[in-house]
Amino acid sequence: MKVLNIVEAAYRGTLEEQDDTIVWFCHAMKGANADIDVLLRGNAVNYAVKAQDASGLAFGGAEQTQPPKLADDLAKLKGKSLTATVREAVENEHERERSKIPLLDRINVLIVPRANPDGGEAFVRDTAVRIDMNRDHLLLLLCQGSQLFLQRWEQKRLATLARIASVDPGE
Amino acid sequence: MAKTLTFALMDPPFENARSTTALRLIDLAVKGGFNVNVFAYEGAVYLPFAKQAQHPNAVHGRSSEEENHPLPRSWIAALMKEAGAKGLKLDWVNCGLCVDERGAAEAIEGVRRGSPADFWNFAQNSVNTLVIGTK
C-alpha cells in the first residue's frame, strides 16, 4: 500500500515536541517499512528552510537542550527514500516567492473599451462576421470579440498572450 | 507594590505554539516585575499536570536523558520559582470542572483549583488581562 502524508499545519507544538509530530510519525512508519511519501503544503513548506534556529528557549532555570531541527528531520526522511518531500517543499517555496511579485508585474491586462465596434456602429449584437458575442464568450468556440479586435490591432502580440480569464462586464 | 497581569489559557500542551507563546509572555511579565495570575480553562488544565513524563525518542536516536523532552509542568514550576525569587507571585488556577472532566487533578505544587469566579476576580484586580483562546 502506498501512502501520501500531507502536512500543511506547520509548527504545531514543535517546540514542546522538539520536532513536527507528523514528520516524526512518518519516520516511525518508515521504520515499520511503510511505503510513504510526504507532501508539504501551505506554511509547512517552510520546514525545508535550513536556516531555522529554534534554540534558546528557557523559562527560569529550565532550558531547552534539544530544540527542533525541522530541516534536518526532513533531510533524514530524504535519506529514507522520501525524496518527494523536499522537492515538493522547494517547488512550493519557489511558488510562494513568485507570489510575492506584485500581480500586475506578472500579467498583462488588456482593456478593450468597445469589443464590437462594427456591431456598435450598426447598433446590433452581431459582429461584422455575424457572431453574437453575447452568446459566444463562455463557449469560446469562435474568435472572441476582444480577440478579434486585437487581431486587427496586433496579430503577433496576441499570439504570445495566454488568456487566463475573460471578463464580460455585460453579464 | 508590584502590579498584576492576568492570563487565561485554553489550549492543551504539546499541540500548538500558543501554549509556549503564553509561557513566554508570562516569563516576560515576571521578568518585568509583575505578579501574574493564570486561569487555565479546558485543555490548558493539563499544562501543569504532574504526571507529564519524559521519554526516550528512537526516531531522534536519543535516550530519555539526552532527549530531555520539555514538560510544560517543569516550565511552569520554573516560572513559579523565578517569580518567588523576585518576591513576586505566579498564581495558577485550574478550572475545577475542566479538571474533573479530564481526570487532571494531579497538578504540580502551587496550582490550585478554582472556577470562572476566580478569573473574574483576577481580572478585576489586574492592570490588564489577556485571554489566549483556542481555535
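**Salt bridges and the chain interface**

B:Lys51 counts as exposed, because its relative accessibility is 54% and the cut-offs (1.4 Å probe, protein chains only) call a residue buried under 20% relative accessible area, exposed over 50%, and partly exposed in between. Before going further, keep in mind that this is a predicted model, where local features need pLDDT of at least 70, side-chain atom pairs count only at pLDDT 80 or more, and totals for chains, interfaces and linings use all residues. As for bookkeeping, residues are numbered from 1 along each chain as its sequence is written, chains are lettered from A and ligands numbered from 1 in the order in which they are written, and side-chain values use heavy atoms, with hydrogens and water left out.

What does B:Lys51 pair with in a salt bridge? The partner is B:Glu106, with the closest N and O atoms 3.5 Å apart; the rule asks for a side-chain nitrogen of Lys or Arg within 4 Å of a carboxyl oxygen of Asp or Glu. This pair ties together distant parts of the chain, 55 residues apart: B:Lys51 sits in the loop between strand S2 (35-40) and H2 of chain B, and B:Glu106 in the loop between helix H4 (96-102) and strand S4 (111-114) of chain B. Helices and strands here are DSSP runs (H or I, at least four residues, for helices; E, at least two, for strands), numbered from the N terminus. B:Glu106 has 43% relative accessibility, so this residue counts as partly exposed.

In general, side chains of opposite charge can pair when their charged atoms come close. Over all chains, the structure has 12 salt bridges. Another one in chain B joins the side chains of B:Lys31 and B:Glu82, at 3.1 Å from N to O. Again distant parts of the chain are linked, with B:Lys31 in helix H1 and B:Glu82 in helix H3 of chain B, 51 residues apart. B:Lys31 is partly exposed, at a relative accessible area of 44%, whereas B:Glu82 is buried, at 16%.

Over in chain A, A:Lys2 forms a salt bridge with A:Asp35, and their closest N and O atoms are 3.1 Å apart. Here the link runs between strand S1 (residues 2-7), which holds A:Lys2, and strand S2 (residues 35-40), which holds A:Asp35, 33 residues apart in chain A. A:Lys2 is exposed at 52% relative accessibility, and A:Asp35 is partly exposed at 36% relative accessible area.

Now for the place where the two chains meet. Contact (heavy atoms within 4.5 Å) brings 25 residues of chain B together with 21 residues of chain A. The buried area between them is about 1900 Å², with carbon and sulfur atoms giving 53%; that is the accessible area (1.4 Å probe) that two parts lose on being put together, summed over both. On the chain B side, B:Phe14, B:Val59 and B:Trp75 lose the most area to chain A, together 29% of what that side buries. Helix H1 (17-31), helix H2 (64-67) and helix H3 (72-85) of chain B are the elements that give two or more residues to this side.

How many salt bridges run between chain B and chain A? The count is zero.

One side-chain polar contact to look at is from B:His69 to A:Glu17, at 3.1 Å. B:His69 lies in the loop between H2 and H3 of chain B, and is buried at 3% relative accessible area. Leaving out residues up to four places away in sequence, B:His69 touches A:Glu16, A:Glu17, A:Gln18, B:Phe14, B:Gln54 and B:His55.

Finally, turn to B:Thr20 in helix H1 of chain B, which is buried at 2% relative accessibility. Beyond neighbours within four places in sequence, B:Thr20 is in contact with A:Leu15, A:Glu16, A:Leu57, A:Phe59 and B:Trp75. The C-alpha atoms of B:Thr20 and B:Trp75 are separated by 9.5 Å, with the two residues 55 apart along the chain.

Methods. Polar contact = N/O pair within 3.5 Å; in protein donor to acceptor, adjacent residues only side chain to side chain.
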